[in-house]
Amino acid sequence: MLSSEMMVRRLTAEDAAIYREVRRAALHSDPDAFITTAAEFEARTLESIATQLAPRPAFVTFGAFVGSEFVGSELVGLLSLGREERPRLKHRANIFGVSVSPQARGQGCADALMRAGLAHARAWDGVTSVHLSVTERQTAARRLYERHGFWVWGTQPDAVQDDGGRALIEHHLSLLLGGAIA
């Protein structure tokens, strides 16, 4: 059983091995929630994952840890945030790769990850909106995003196909960060 003590922090290249295990488990347990397949991810080297997690000005991955400083803590949740870098899109950031291990759900990990990601997006000078997508079957994830102020602006049929060719509907959501739309 997991402790109720939780911490969210930025992941770094040194977290590559534990990130790899948590991400792999998420892709296997909930494949409809992600564009990346487990097979695609498993083909990546540990070095490429470390490079992804290394500090960059326009990209960050947060991890939620539960446990105790005396017993050790376990990485149970992930959220990645990337800022668009092209001049006409720099006002936008995107959240993706959100997951919480099944045994850690209901402990506030996803809410804490969202708070960390949104605080980071607000700290980027000039970012006025955050965007994400969620497949129709991910109702708990959609409720999480809506609790944090996101709203559905569009629905795309046949957005993603699973390995069996089954089409998944994807909802696109946005959150305006306090600025008016011109």
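**Exercise 1.** Determine how much space lies in the second largest pocket and which residues line it.

*Solution.* The second largest pocket holds about 220 Å³ of space. Here a pocket is an open set of points on a 1 Å grid over the protein atoms alone, where a 1.4 Å probe fits, with protein on both sides within 12 Å along at least five of seven lines. The volume is the space filled by probe spheres set on the points. Next, 15 residues line this pocket (an atom within 4 Å of a point); Pro31, Phe34, Thr37, Asp162 and Asp163 lie nearest its centre. Helix 2 (38-42) and strand 6 (151-161) each give two or more residues to the lining. Helices (H or I, at least four residues) and strands (E, at least two) are DSSP runs, numbered from the N terminus.

This is a predicted model, in which local features need pLDDT of at least 70, whereas totals for linings use all residues. Residues are numbered from 1 along each chain.

**Exercise 2.** Describe how strand 2 is covered and paired.

*Solution.* Ten of the ten residues of strand 2 (residues 59-68) are buried, that is, under 20% relative accessible area with a 1.4 Å probe, protein chains only. In a regular strand, side chains alternate between the two faces of the sheet. Phe59, Thr61, Gly63, Phe65 and Gly67 point one way, and Val60, Phe62, Ala64, Val66 and Ser68 the other. Finally, strand 1 (residues 6-10) pairs with strand 2 in the antiparallel sense over five bridges, pairing requiring at least two DSSP bridges. Methionine 7 has phenylalanine 65 of strand 2 as its bridge partner.

Definitions and conventions
This is a predicted model: local features need pLDDT of at least 70, side-chain atom pairs count only at pLDDT 80 or more; totals for chains, interfaces and linings use all residues. Side-chain values use heavy atoms; hydrogens and water are left out. Buried means under 20% relative accessible area, exposed over 50%, partly exposed in between (1.4 Å probe, protein chains only).
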